[in-house]
Amino acid sequence: FRSEINTSFRLWVSMSAESGEVLSNQFLNSAFKVIIDTPLTLIPSALACLKAIDSNVLNWSPRCEWGPVLHNLCLAHSALRVRSKFARSGFATSCSWTTRHFLDALHYIQEEFAMADKVDPSWGSTGAKGLSWASLRHHITQLVYGSQLLDANDYVTVSSVVDHWFNSTAVKKDYELFKSKYKLPASTSLSPIRISNISQPIQNSNLSNCSEICGPLQISEADALPERKTFDLL
């Protein structure tokens, strides 16, 4: 039977690390393994998040906050991922936020915007309920990024990052990120929204050298790793 196999034959097997499936050791030992994951550096991670957004979702809501919120979600998700790579100096709990968490957060954001777009006479003269930032932050923090945290300080950190990126001020034109001189790009409010409207300002920014985006962090000498300069900044 072996002699009948074409020498150019290749079998490609793909699986998610989160699926819980287990391949046999014999199969793994005879296979050429390739692991693909989203980047753990800020700008590449944010750009990868943008690529994960379905084209139909880009212009899903007509509200002026929609584009800025997409931009902010990409950066917030990436900031948490960057911080998680610093082991105990980043979070006490081992965190492995993936694209699935990003898309879950996007789903809850869509639900909040859908509720804000509804019109009901019982909601006042305009009939509009308005966007609830508190509800949006609650869903993102508790049901997505905070759902796997066991440490109270970790939860406070995640909550602080979410609070920083998702509020009525953070979606306004020229909103400046703390200590970074990076302002919310005006192109995120253009309609229709295009990936380039969000990706180009991020790609051309200095955010890769800005540790403040990951949130305040204090470390001890014992925790210092090769990324010492980054740790000192954090």
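1. **How α2 and α4 cross.** In this predicted model, helix α2 (residues 42–52) and helix α4 (residues 66–84) pack at an angle of about 135°. The crossing is right-handed.

2. **Who touches whom.** From α2, the contact uses Leu 42, Ser 45, Ala 46, Cys 49 and Leu 50. From α4 come Cys 74, Leu 75, His 77, Ser 78, Ala 79, Arg 81 and Val 82. Sorted by class, the contact has eight nonpolar, three polar and one charged residues.

3. **A spacing to look for.** An α-helix has 3.6 residues a turn, so residues three or four places apart point the same way. Keep this in mind while tracing the contact on the α2 side: Leu 42, Ser 45, Ala 46, Cys 49 and Leu 50.

4. **The span of α5.** Helix α5 covers residues 99–117, 19 residues in total. From first C-alpha to last, α5 reaches 27 Å. That is close to the 27 Å expected at 1.5 Å a residue.

5. **The buried side of α5.** Which residues of α5 are buried? They are His 101, Phe 102, Ala 105, Leu 106, Ile 109, Gln 110, Glu 112, Phe 113 and Ala 116. These buried residues pack against α2, α3 (55–58), α4 and α6 (133–145).

6. **A cis peptide bond.** Check the bond from Ser 191 to Pro 192: it is cis, with omega near 0°. Where is Pro 192? Pro 192 sits in the loop between α7 (152–165) and α8 (195–203).

Key: Residues are numbered from 1 along each chain as its sequence is written. This is a predicted model: local features need pLDDT of at least 70, side-chain atom pairs count only at pLDDT 80 or more; totals for chains, interfaces and linings use all residues. Side-chain values use heavy atoms; hydrogens and water are left out. Axes are lines fitted to C-alpha atoms, for helices over the stretch in contact, and angles run from 0 to 180 degrees between N-to-C directions. Helices (H or I, at least four residues) and strands (E, at least two) are DSSP runs, numbered from the N terminus. A crossing is left-handed if the near helix is turned anticlockwise from the far one by less than a right angle, and right-handed if clockwise. Contact means heavy atoms within 4.5 Å. Ala, Val, Leu, Ile, Met, Phe, Trp, Tyr, Cys and Pro count as nonpolar, Asp, Glu, Lys and Arg as charged, and the others, Gly among them, as polar. The expected span of a helix is 1.5 Å times one less than its number of residues. Buried means under 20% relative accessible area, exposed over 50%, partly exposed in between (1.4 Å probe, protein chains only).
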